[in-house]
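Trainee: I've got the model open and a list of things I'd like to go through. Could we take them one at a time?

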Amino acid sequence: MSTTTGFESDELPGTTVDAVVVGGGAAGLNGALMLARSRRSVVVIDSGTPRNAPADGVHGLLGHDGVPPAELLRAGRAEVRRYGGRIVAGEVTAAAPAAFSAEGDPRFTIELADGTVAHTRRLLIATGLRDQLPDVPGLAPHWGSGVVHCPYCHGWEVRDEPIGVLAVGPASVHHALLFRQLTADLVYFTRGTDLDDNTRDRFAARDIRVVDTPVTEVVSAGAGITGVRLADGQVVPRRVIAVATTMLARTAGLDGLGLPMEDLPNGMGRRFVTGPAGTTAIPGVWVAGNATDLTAQVGASAAAGAMAGAHMNADLATADTDTALAAVRRGATAA
């Protein structure tokens, strides 16, 4: 079935599956791949709205550097399906624990926006995050092209360009030093944030110009950025804007699970709290990728998904053995 997400959607099974993965990015698909290769019945629910959709390519991923994000996901979906996994296009509107099995095995119910319902023994939350940009007019339209946040994801592509760093807090100082590695023409707009004398000296030593005048807007012409307008009317010519976003784990439809969350320092963002391999305080639920590790790139997210999937399979294997043993003992007792 073709959908507006740009990929074919499988049908939800009418039975309880071993695992449902919420989120079809690198973490979710790699977790599903591990489960499917272990002969687990697995369904990936994918809204088709990946964080890196505006980017031209995925970078820093060994063997796949520069691959378009959509192509990487297409290949990942095909690999999951090769082992019997299903990819379902849809948005989760509700997720909640259901009654445990007689042997104490967890169960969950997942409702989708189209009214369909999935039933599963285990859940992998791999919803990713959304980036919250500073409220600067003209900034948002260039997100993912002229406006970048990660020097490792986009730095090489903007090397030697006139770059402006829009400060949002203490983390922006480190941000500036990383982008200075990529260009000799860097301007730091403080935007009312504190910058002590020592940091100003360090910036001066690296030829980073500091502008304390308030920023009023990002100026563009056609499809590209041309500068940053200040409150005094001056326009500082820039071709690229680097800005640290507030990164917020995507939580839509997941409140019913009761997963613990936490705010990270300095306005960095909000994430799901996890333990080793993505375990959570809710038995049967794992979280992997940017929903819990806000700074993970594609490779790290995929690795986290793989680790979570392996641990989920191990947990299911233990539960299957417990169930089989209970059945044998019931039979012995009845005899």
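Trainee: Where is Ala277 found?

Mentor: Keep in mind that this is a predicted model. Ala277 has a phi near 60 degrees, a positive value in a residue other than glycine. Most residues other than glycine have a negative phi. As for its place, Ala277 sits in the loop between β18 and β19.

Trainee: Asn266 has a positive phi too, of about 60 degrees. Is Asn266 buried or exposed?

Mentor: Asn266 is in the loop between β17 (261-264) and β18 (269-272). The cut-off for exposed is over 50% relative accessible area. Asn266 comes out at 61%, so the label is exposed.

Trainee: On to β18, then. Which residue in β18 does Met247 stand opposite?

Mentor: Start with β16, which runs parallel to β18, with 2 bridges joining them. Met247 is also the β16 bridge partner of Asp131, and strand β7 (residues 129-132) runs antiparallel to strand β16 (residues 246-249) over 4 bridges. In β18, the residue opposite Met247 is Gly269.

Trainee: There's an open sheet with the order β12-β13-β14. Which strands stand at its edges, and why is one side of each left without a neighbour?

Mentor: The sheet has 3 strands, and the pairing is antiparallel. A strand at the edge has a single partner strand, so one of its sides has no neighbour in the sheet. The edge strands are β12 (215-221) and β14 (235-237).

Trainee: How many bridges pair β12 with β13?

Mentor: Look at Val218, which stands opposite Val228 in β13. Strand β13 covers residues 224-230, and its pairing with β12 is antiparallel. The bridge count for β12 and β13 is 6.

Trainee: What kind of aromatic pair do Tyr188 and Phe203 make?

Mentor: The structure holds 1 aromatic pair. The ring centres of Tyr188 and Phe203 are 5.0 Å apart, with the planes at 65 degrees. Planes over 60 degrees apart count as edge-to-face, so the Tyr188 and Phe203 pair is edge-to-face.

Trainee: Which elements does that pair link?

Mentor: Tyr188 is buried, at a relative accessible area of 1%, and Phe203 is buried with a value of 1%. They are 15 residues apart, and the pair links distant parts of the chain. The elements are strand β10 (residues 186-189) for Tyr188 and helix α5 (residues 197-205) for Phe203.

Trainee: And at what distance from the ring centre of Trp156 does Arg159 lie?

Mentor: Arg159 lies over the face of Trp156. A charge sits over a ring only within 6 Å of the ring centre. For Arg159 the distance is 4.1 Å.

Trainee: What do the buried residues of α6 pack against?

Mentor: Helix α6 (residues 298-334) has 37 residues and reaches 54 Å from its first C-alpha to its last, close to the 54 Å expected. Its buried residues include Ser301, Ala302, Gly305 and Met312. What they pack against is β1 (17-22), α1 (26-37), β6 (117-125) and β19 (285-287).

Terms used. Residues are numbered from 1 along each chain as its sequence is written. This is a predicted model: local features need pLDDT of at least 70, side-chain atom pairs count only at pLDDT 80 or more; totals for chains, interfaces and linings use all residues. Side-chain values use heavy atoms; hydrogens and water are left out. Rings of Phe, Tyr and Trp (its six-membered ring) pair if their centres lie within 6.5 Å; planes under 30 degrees apart count as stacked, over 60 as edge-to-face and the rest as tilted. Buried means under 20% relative accessible area, exposed over 50%, partly exposed in between (1.4 Å probe, protein chains only). A charge sits over a ring if NZ of Lys or CZ of Arg is within 6 Å of the ring centre and within 35 degrees of the ring normal. Two strands pair if DSSP finds at least two bridges between them. The expected span of a helix is 1.5 Å times one less than its number of residues. Contact means heavy atoms within 4.5 Å.
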